[in-house]
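Please read them alongside the sequence and the coordinates.

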Amino acid sequence: MKAAILKSAKQPLEIEETPQPQPATGQFLLRVRACGVCRTDLHIVEGELPPRKEDLIPGHQIVGDIVEGATAELPLGTRVGVSWIGGIDGTCPYCRRGLENLCDAPTFTGYTVNGGYAEYAVARSDFVFKLPSELDDLHAAPLLCAGIIGFRSLRVAGIEPGDRVGLFGFGASAHLAIAVLRSWKCEVYVSTRGASHRRLAGALGAVWVGTETDKPPVELDRAVTFAPSGDVVIAALSSLRKGGVVAINAIHLDRMPEFDYDRLLWGERQIRSVANMTRADARDFLKIAADIRLQPKVTVFSLDQANDALAAVKNDAIDGAAVIVP
Ligand SMILES: [Zn+2]
Ligand SMILES: [Zn+2]
């Protein structure tokens, strides 16, 4: 099969022929229909996350058909999604507490095991999600990490219907989260760099849009930051009312700046990180996405253009999400 392979960090992916993977017991072999490109893929390829596997095929927003390993529940040909959390040990203290997103020994798709920048991929059969027919391949792919983790961020931020919510950064994840927030009748304030991202935020129903340094004109109940920047976290924190929460949707931050506790955190304001996702987050979000007919904005790349897709994400060169179609 053809695949895009990371041979060494900070080098471009090599697009080449490689043996088709063999599913083990409890795994499906999937024919990949589409694979979304996530900012985390970029952190892996650029070596900001330590390498965990040699000759890695990245990609953890896989839409694929089951071609081997079918079960009674998920028969041959079923269209499923695979996300970042590719498995858990099920035995660690976090799994036993029902916090599978914090598992001590997780499998991460496209990081600790091969992912979906390829014609075929294997996935644990208990970590795939049947995709609702309302969501086509291209539009389902970006939902599988950006969408699910964006949705988890809303949960971690404790957002209630009608809240005033700030979104700081407006890439793949935020442009999906705003649709969920609007269905919850929230007022959404967007601070982001890039004029095209600001236009998109306005078009998707933000009540206020500003640059990354502009402060929303009201105090926010909740905020979610999407940029890998500690300065943005501080901007979000300084926009909160007392008791407000900032959820950081980033697996990596450049640094966390020093800040004034008395002015910014006192008053029971909270900063929380958002780590991974649970299968319940995935199922709940995919149901909402189908109900509200969520249509992410996508730009399609071929497998041969995998490096261009990563560059587009890195440079914020496209609105919405990049999707590779092998
Ligand atoms: Zn565990
Ligand atoms: Zn991701």
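**Notes on the predicted model**

1. Lys10 is exposed, with a relative accessible area of 64%; exposed means over 50% relative accessible area, buried under 20% and partly exposed in between, with a 1.4 Å probe and protein chains only. Lys10 sits in the loop between S1 and S2 and has a positive phi of about 75° although it is not a glycine. Most residues other than glycine have a negative phi. Helices (H or I, at least four residues) and strands (E, at least two) are DSSP runs, numbered from the N terminus.

2. On conventions: this is a predicted model, in which local features need pLDDT of at least 70 and side-chain atom pairs count only at pLDDT 80 or more, while totals for chains, interfaces and linings use all residues. Residues are numbered from 1 along each chain as its sequence is written, chains are lettered from A and ligands numbered from 1 in the order in which they are written, and side-chain values use heavy atoms, with hydrogens and water left out.

3. Ser8 lies in the loop between strand S1 (2–5) and strand S2 (14–17). Ser8 is partly exposed, at a relative accessible area of 35%. Its C-alpha atom is separated by 9.1 Å from that of Glu46, 38 residues apart along the chain.

4. Glu268, in the loop between H8 and S15, has a positive phi of about 60° although it is not a glycine. Glu268 counts as exposed, at 68% relative accessibility.

5. Which residues coordinate the zinc ion (ligand 2)? Cys38 (SG), His60 (NE2) and Cys145 (SG) do, at 2.0 to 2.2 Å. Donors are N, O and S atoms within 2.8 Å of the metal (3.2 Å for Na, K and Ca), and water is not among the atoms, so sites may look incomplete. Along the chain the donors of the zinc ion (ligand 2) follow the spacing C-x21-H-x84-C. The pair Cys38 and Cys145 links distant parts of the chain, 107 residues apart: Cys38 is in the loop between strand S3 (27–37) and helix H1 (39–45), and Cys145 in the loop between helix H3 (137–140) and helix H4 (146–156). Cys38 is buried, with a relative accessible area of 10%, and Cys145 counts as buried at 4%.

6. H4 and H9 pack at an angle of about 100°, with their axes 9 Å apart. Axes are lines fitted to C-alpha atoms, for helices over the stretch in contact, and angles run from 0 to 180 degrees between N-to-C directions. That makes H4 roughly perpendicular to H9, since angles of 65 to 115 degrees count as roughly perpendicular, under 35 as roughly parallel, over 145 as roughly antiparallel and the rest as oblique. From H4, Gly147, Ile148, Phe151, Arg152 and Arg155 meet Ala280, Asp281, Ala282, Asp284, Phe285 and Ile288 in H9, where contact means heavy atoms within 4.5 Å.

7. Helix H5 (residues 172–183) has as its buried residues Ser173, Ala174, His175, Leu176, Ala177, Ile178, Val180 and Leu181. These pack against H4, strand S10 (164–168), strand S11 (187–191), helix H6 (195–203), helix H9 (279–291) and strand S17 (321–325). Ser173 has a relative accessible area of 11%. Not counting residues up to four places away in sequence, Ser173 touches Ala146, Gly150, Phe226 and Asn249.

8. Helix H7 (residues 230–237) is largely enclosed by the rest of the structure, because 6 of its 8 residues are buried. The buried residues in H7 are Gly230, Val232, Val233, Ile234, Ala236 and Leu237. They pack against S10, strand S13 (220–225), strand S14 (240–248), helix H8 (261–264) and strand S15 (270–273).

9. Val122, in strand S8 (residues 120–124), is partly exposed, with a relative accessible area of 25%. Val122 touches Pro21, Gln22, Pro23, Gln27, Phe28 and Leu29, not counting residues up to four places away in sequence. Val122 and Arg31 are 91 residues apart in sequence and 8.9 Å apart in space, C-alpha to C-alpha.
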